[in-house]
Amino acid sequence: MGSVFDRNGHQANQRAKIIVGLERLSTLFRAALWEEAKQYNLSPLQVQILLFIAFHDTKQCSVTAIAREFAVTKATISDAVKVLLEKDLLKKNTGDDARGFLLTLSATGSKYTGKLSGVSDFFQASLDNVPQVEINKIWEGMLLLIGHLQETEIIPMRMCHNCRHFGKEHPGGNPHFCNLMQKPLAVENIRLDCPEHAAFQTATS
Ligand code: SF4
């Protein structure tokens with residue numbers, strides 16, 4: 001089979017075109033992130049780290065967890081974090097954990113993060129005028145796609161379909177159900193990066 005990036009060869013192959021579409025979308029996201037980052041003299045990864053720390057529990061904010069989140073090495077995250085500490089945008093919290101430290105935003109980092117909305121504004125502006133019926137289709141397609149791709153386990157998704165609280169075809173559901181919140185989960189209520197997500201226990205965990 002030829003490369004999916006061979007545009008003469010892939011046009012009759014929908015799976016190949018989905019892969020090319022993913023590449024185009026990730027490039028678009030990266031370009032928006034670069035635009036944002038350069039305004040603040042940060043790298044795109046540093047922007048992602050600040051936003052992750054701003055909106056996740058401190059216990060999820062170790063160098064190891066952040067490296068897994070962005071599918072890069074711990075050394076790469078450590079280098080980015082070093083710069084953010086030097087710029088007084090982050091603080092180290094040693095807490096009770098002798099194995100390492102957890103990261104939180106400093107007061108300056110919190111102010112900075114409040115301004116980092118360019119990436120979401122860019123996409124929001126494009127989606128604002130999309131009719132709800134199309135938004136529903138996009139969300140359903142995205143859920144399907146993520147559902148299939150999450151099996152790769154390259155990055156954590158923290159979504160309903162891989163959560164211990166997810167009740168498939170629950171009698172009270174619609175057709176699904178969150179057993180933690182005791183609420184039906186219609187397609188539009190399925191969560192991505194849910195704060196209450198609980199991973200399945202593995203034999204080694
Ligand atoms: S806890 Fe969150 S991720 Fe888990 S099923 Fe409920 S809503 Fe979905």
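## Largest pocket

Ala, Val, Leu, Ile, Met, Phe, Trp, Tyr, Cys and Pro count here as nonpolar, Asp, Glu, Lys and Arg as charged, and the others, Gly among them, as polar. On that scheme, the lining of the largest pocket comprises 30 nonpolar, 8 polar and 4 charged residues. The model is predicted.

## Helix 1 against helix 6

Helix 1 spans residues 14-39, and helix 6 spans residues 118-127. Their axes come within 8 Å and cross at roughly 130 degrees. Angles of 65 to 115 degrees count as roughly perpendicular and those over 145 as roughly antiparallel. Helix 1 and helix 6 are therefore oblique to each other. The crossing is right-handed.

Helix 1 brings Leu28, Phe29, Ala32, Leu33 and Glu36 to the contact. Helix 6 answers with Gly118, Val119, Phe122 and Phe123. By class, this contact has 7 nonpolar, 1 polar and 1 charged residues.

## Helix 1 against helix 2

Helix 1 also meets helix 2. Here the axes come within 8 Å and cross at roughly 85 degrees. That angle makes helix 1 roughly perpendicular to helix 2. On the helix 1 side, the contact uses Phe29, Leu33, Trp34, Glu36 and Ala37. On the helix 2 side, it uses Pro44, Val47 and Gln48. The contact of helix 1 with helix 2 has 6 nonpolar, 1 polar and 1 charged residues.

Phe29, Leu33 and Glu36 of helix 1 take part in the contact with helix 6 and in the contact with helix 2.

## Helix 2 against helix 4

Helix 4 covers residues 74-86. Helix 2 and helix 4 pack at an angle of about 80 degrees, with their axes 10 Å apart. The two helices are therefore roughly perpendicular to each other.

From helix 2 come Leu45, Gln46, Ile49 and Leu50. From helix 4 come Thr76, Ile77, Ala80, Val83 and Leu84. The residues of this contact divide into 7 nonpolar, 2 polar and no charged.

## Second largest pocket

About 920 Å³ of space lies in the second largest pocket. Of its 25 lining residues, Arg68, Pro156, Arg158, His197 and Ala199 are the closest to the centre. Helix 3 (residues 63-69) supplies the largest share of the lining, 4 residues. By class, the lining holds 9 nonpolar, 9 polar and 7 charged residues.

## Cavity

The structure holds 1 cavity of 30 Å³ or more. The volume of the largest cavity is about 100 Å³. Its lining has 13 residues, with Cys160, Cys163, His165, Cys178 and Cys194 closest to the centre. This lining has 9 nonpolar, 2 polar and 2 charged residues.

Notes
Residues numbered from 1 in each chain as written. Predicted model: local features only at pLDDT ≥ 70, side-chain atom pairs only at ≥ 80, totals over all residues. Heavy atoms only, no water. Axes fitted to C-alpha atoms, helices over the stretch in contact; angles between N-to-C directions. Parallel < 35°, antiparallel > 145°, perpendicular 65-115°, else oblique. Left-handed = near helix turned anticlockwise from the far one by under 90°. Contact = heavy atoms within 4.5 Å. 1 Å grid on protein atoms, 1.4 Å probe; cavity = no way out; pocket = protein on both sides within 12 Å on 5 of 7 lines; lining within 4 Å. Points joined across faces, edges and corners; volume = space filled by probe spheres on them.
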